[in-house]
Amino acid sequence: MWLCVDRTEGDTVVLMDDEEKIYRLDRAAYVAMVGRDPAESDILTAEVREGRVLTAAYDPEETASRKAAARARLNRLFGKK
């Protein structure tokens, strides 16, 4: 499953799946699992079971793809090319 870093709240990383379900991880647990600091809009490939994130890995290709799609949508909305 995909998870997106929505935001950080103090030492908590708030993640959201494609169905907008929220998951929370302690920042230290996030860094230990993912191997990098959380950044808004980063996309993770994750395994979730019973509402708990078991594994997560940063996916640079999916992150770039989703950011490009969002940028294209904004450009269409504002008439930019």
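## Reading the model

Helices (H or I, at least four residues) and strands (E, at least two) are DSSP runs, numbered from the N terminus. What you see is a predicted model, where local features need pLDDT of at least 70, side-chain atom pairs count only at pLDDT 80 or more, and totals for chains, interfaces and linings use all residues. Residues are numbered from 1 along each chain as its sequence is written, and side-chain values use heavy atoms, with hydrogens and water left out.

## The overall layout

Follow the chain along its sequence and you get β-β-β-α-β-β-α, which comes to two helices and five strands. The C-alpha atoms fill a box of roughly 40 × 25 × 20 Å along the principal axes.

Of the 81 residues, 23% count as buried, meaning under 20% relative accessible area with a 1.4 Å probe, protein chains only.

## Asp 17

Asp 17 sits in strand β2. This residue is buried yet has no salt bridge (a side-chain nitrogen of Lys or Arg within 4 Å of a carboxyl oxygen of Asp or Glu). The nearest side chain of opposite charge (Lys and Arg count as positive, Asp and Glu as negative; His and the chain ends are not counted) is Lys 21, 6.5 Å away.

Still, the side chain of Asp 17 does reach some backbone: the nitrogen of Glu 19 at 2.9 Å and that of Lys 21 at 2.8 Å. Leaving aside residues up to four places away in sequence, Asp 17 touches Met 1, Trp 2, Leu 3 and Tyr 23, with contact meaning heavy atoms within 4.5 Å.

Definitions and conventions: Buried < 20%, exposed > 50% of the residue type's maximum accessible area, 1.4 Å probe, protein only. Polar contact = N/O pair within 3.5 Å; in protein donor to acceptor, adjacent residues only side chain to side chain.
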